[in-house]
Amino acid sequence: MELKTDIVIVGTGAAGLFSALNLPEDKNITIITKDEAENSDSFLAQGGICVLKDENDYKNYFEDTMKAGHYENDKKSVEIMINSSKEIIKDLEKYKVDFQKDNGEYVFTREGAHSSPRILFHKDITGREITSKLLNEVKKRNNIKIMEQFTMVDIINKNNECYGIIGIDKKGSIVPIKADYTIFACGGIGGLFDNSTNFPHITADAIAIAINNNIKLKNIDYIQIHPTTLYSKKKGRRFLISESVRGEGAVLLNKNMERFANELLPRDILTKKILEQMKKDNMPYVWLSMEPIDKKDIKSHFPNIYEHCLKEGYDVTKECIPVVPSQHYFMGGIKVDYNSKTSMENLYAVGETSCNGVHGKNRLASNSLLESLVFAKRAAKDITKENKKIEDINLNIDLSKYKDYNKLQKSYRQIVLDEIERKKKDYERSNHNEA
């Protein structure tokens with residue numbers, strides 16, 4: 001069996017859905033996801049989405065992003081993201097996304113490494129609010145088809161030109177999907193780690209496929225650890241304790257219940273301090289106290305965190321919770337230009353799968369949803385502008401090499417881990433030579 005569509009999008013997170021919504025409605029669009037449509041990391045984002053409040057904040061917002069990224073950010077990408085932020089918020093409100101307001105005015109919260117509050121939010125489930133509304137809108141469109149339980153295993157590549165993807169459906173059938181354009185919106189790499197805030201099925205398949213097809217990557221060893229996830233001995237995804245909890249006043253404590261760090265440091269620096277404290281205390285976690293936050297505010301602003309911790313046996317209005325750093329975000333990925341184009345013709349990458357340089361070496365809190373949406377829209381606009389139709393040529397695709405999916409999955413996992421390790425060693429060697 002072989003399918004044909006105008007545009008195929010891999011992933012049902014915010015970036016993939018927003019790409020689809022910004023493409024012309026006379027185009028046939030197929031979106032695939034290896035799990036259910038709702039099971040994307042975008043649904044898990046708690047804190048919020050950054051926005052340029054006013055022109056007076058531009059310089060500070062730009063500097064906060066650059067400083068958090070250790071000044072390795074692509075300046076033009078950062079400029080594009082910040083200057084597009086208000087337009088993106090208007091788009092989201094058009095799709096009925098509900099941000100916290102007081103007397104009709106936006107309420108802004110603050111997170112680590114931000115010099116002032118500039119983050120819009122919906123309780124502590126902003127990602128779910130945004131992504132669910134985008135998914136609802138996608139389901140209304142007659143030109144968009146979502147295929148769940150469908151896993152991409154490769155792209156159709158001839159002479160560095162992408163002709164679509166090859167996937168495996170839930171019955172185990174290998175199905176090529178030919179397309180004029182392909183958009184990777186596959187999420188991060190959390191499934192490669194034992195402790196991660198990501199869904200375990202998000203295993204960096206697109207990165208492995210990019211390596212196998214000589215598609216350029218960037219900063220693949222730049223992996224962010226989130227300082228505060230709920231400590232647990234259970235296996236599986238780690239529950240995130242949003243940075244905005246600390247932005248609203250929660251404090252970190254050692255085993256003697258003494259504060260040991262500035263809670264609003266950039267994530268990588270704070271993570272280092274927490275790990276150092278854990279070593280000093282000889283403990284597998286540190287404590288987070290929400291005592292400085294009013295109890296009513298905890299239940300209204302952080303209801304999801306409150307309820308989840310309660311299920312785990314902690315009442316955050318009365319006691320501290322144990323927290324530990326976990327893998328959270330991938331700043332590197334498939335190298336793209338300012339319109340999210342990869343080094344392969346007709347192939348785009350958006351969201352966490354891609355790397356346009358916005359985040360540098362360390363992502364500023366709540367820039368992820370904004371960056372994903374800004375550059376997803378730019379990808380869609382660029383495809384619309386190009387509007388190229390690929391000739392239906394015989395590609396002679398050998399499907400036999402994809403039959404053993406389990407073997408293939410293990411292979412892809414190792415390819416990515418090996419490449420990350422190689423880049424780390426290259427980085428260490430270059431630093432050593434400079435010294």
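In which helix does S19 lie?

## Model and residue S19

This is a predicted model, in which local features need pLDDT of at least 70, side-chain atom pairs count only at pLDDT 80 or more, and totals for chains, interfaces and linings use all residues. Residues are numbered from 1 along each chain as its sequence is written, and side-chain values use heavy atoms, without hydrogens and water.

S19 lies in helix α1 (residues 14-21); helices are DSSP runs of H or I with at least four residues, strands are runs of E with at least two, and both are numbered from the N terminus. The relative accessible area of S19 is 0%, so S19 is buried (under 20%; exposed is over 50%, partly exposed in between, with a 1.4 Å probe and protein chains only). Neighbours within four places in sequence aside, S19 is in contact with I9, I183, V350, A376 and A380 (heavy atoms within 4.5 Å).

## Helix α7

The 15 residues of α7 reach 21 Å from first to last C-alpha, close to the expected 21 Å (1.5 Å times one less than the number of residues). Its buried residues are R267, L270, T271, I274, Q277, M278 and D281. They lie on the same side of α7 because they cover an arc of only 125° around the axis, taken from the directions from the helix axis to the C-beta atoms.

The face turned away from the buried side of α7 carries the exposed residues K272, K279 and K280. The cover over the buried residues includes β12, α6 (243-247), β13 (251-253), β14 (286-289) and β15.
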